[in-house]
Amino acid sequence: MDVIEVIVTKRDGGELSTQHIDWVIDAYTRGEVADEQMSSLAMAILLNGMNRREIADWTQAMIRSGERMDWSMLDRPTADKHSTGGVGDKITLPLAPLVAACGAYVPQLSGRGLGHTGGTLDKLESIPGWRASLSNDEMLGVIRASGAVVCAAGTGLAPADKKLYALRDVTGTVESIPLIASSIMSKKIAEGTGALVLDVKVGSGAFMKNVDNARELAETMVALGTDAGVRTVALLTAMDRPLGRAVGNALEVAESVEVLAGGGPEDVVELTVRLAREMLELAGVSGVRDPADALKDGSAMDAWRRMISAQGGDPDGLLPVAAESMTLEVPSTGVITKLDAYAVGLAAWRLGAGRARKEDPVSFGAGITLHVKPGDVVREGQPLMTLHADETSRFDRALQALEGGYAVGEAGSEELLPLVIDRIT
Ligand code: URA
């Protein structure tokens, strides 16, 4: 097979055959197809798209590039959730132990943050002693001990995606629905979960800025999962404003623990419970225990403590706190009509909560605490948000990111997406 023929076929708007796709993914993983050739093909795909058959073949070829995990030895069904990423999206932290407490096992391979969206592993690593890298046997041990495991994907899982994702990141080819869908689903299918709930975020703080694109991505991923034998549904959810009141690694862990203790912000609780019900229903264990009860009676908290301890973490350990803080005030009396997710995410990132290159460390204590949310009635001078950073020199650029990112106006003039916009099956 000739790589130029594959590139030119897609460049000219043609359809790639199954043989083209199988060959190019395998040859790229082995190093026979060079990065510049693959980046040219990725750009042709971004510009000309792929049809459903091509996307399914692309996904299967990436799964076959590595190992496929198997949880059939477990005595309960498995369910997982994947979020396309957002600002303040800490839902995995309370959700995984909650679903475990209600009767399904949750084997979750997660990632680190890049850019303005945070990564689940970075959040959990702010817990003293917690370890993200586990062998397959250790994963099984954590699942058996606590019902849920959240850890880093090993190098053996969809290595073609690992290589291609890094290439897309530096060649302007991330924002392609076929490439995003196949990238996410190759990892989730290879992870071996029996049921999967996708949380596709919509709005300024998400990959998908509008509902139509988010719906197309969700439908593509649901079809890929279902065809691969994974029971899959997707929710489209709001990311026009941050989720919850905490943005930043340790701050989000603390908020998740509040949710597990039966409190926490309304939107985080509502989405956690909704996603848990979806996962349990897909796994076939709904009706045994309701997730809202498991948050109130402490059983989800017990599962969380077991899960953190089984990965070396101290659930009672003190979380890192940033050395410096600065509180902004509400500029005028009225109602919060806008609190833009991207502006807050970018500001938190500049405060040190995120990384610019994947090798960079994150500051665990850095981030933003929101004292008000859209729709709140406010008075001039009351606290709006607190910025946290290890150095005061970070505040200026964070403040620049927040310019125009919030507004106070008249009641009823706020335009907010509903928390759950749609459900795709
Ligand atoms: N997350 C992924 O895993 N892959 C993408 O392409 C985009 C987001």
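## Ligand surroundings and domain contact

Tyr-165, Arg-168, Ile-180, Ser-183, Ile-184, Lys-187 and Phe-207 are the residues around the ligand, where a residue counts as near if one of its heavy atoms lies within 4 Å of the molecule. The model is predicted, so local features need pLDDT of at least 70 and side-chain atom pairs count only at pLDDT 80 or more, while totals for chains, interfaces and linings use all residues. Residues are numbered from 1 along each chain as its sequence is written, and side-chain values use heavy atoms, with hydrogens and water left out.

| Residue (side-chain atom) | Ligand atom and distance |
|---|---|
| Arg-168 (N or O) | oxygen, 2.9 Å |
| Ser-183 (polar atom) | nitrogen, 2.6 Å |
| Lys-187 (polar atom) | oxygen, 2.5 Å |

The protein chain is assigned domain 1 (3-49), domain 2 (79-310) and domain 3 (324-409); these bounds come from an automatic or database domain assignment. Between the C-alpha centres of domain 1 and domain 2 the distance is 30 Å. Twelve residues from domain 1 and twelve residues from domain 2 take part in the contact, which means heavy atoms within 4.5 Å.

Domain 1 and domain 2 bury about 1,000 Å² between them, with 79% of that area from carbon and sulfur atoms. Buried area here is the accessible area (1.4 Å probe) that two parts lose on being put together, summed over both. Of the area that domain 1 buries against domain 2, 44% is supplied by Tyr-28, Thr-29 and Leu-46, more than any other three residues.

The interface of domain 1 and domain 2 has zero salt bridges and one residue pair in polar contact, both at pLDDT 80 or more. On the side of domain 1 that touches domain 2, helix 2 (18-30) and helix 3 (35-48) each supply at least two residues. Helix 3 gives the largest share of that side, seven residues. Helices (H or I, at least four residues) and strands (E, at least two) are DSSP runs, numbered from the N terminus.

The structure holds 27 salt bridges, each a side-chain nitrogen of Lys or Arg within 4 Å of a carboxyl oxygen of Asp or Glu. One of them joins the side chains of Asp-422 and Arg-215 at 2.7 Å, N to O. Asp-422 lies in strand 13 (residues 420-424) and Arg-215 in helix 10 (residues 211-227), so this pair ties together parts 207 residues apart in sequence.

Methods. Polar contact = N/O pair within 3.5 Å; in protein donor to acceptor, adjacent residues only side chain to side chain.
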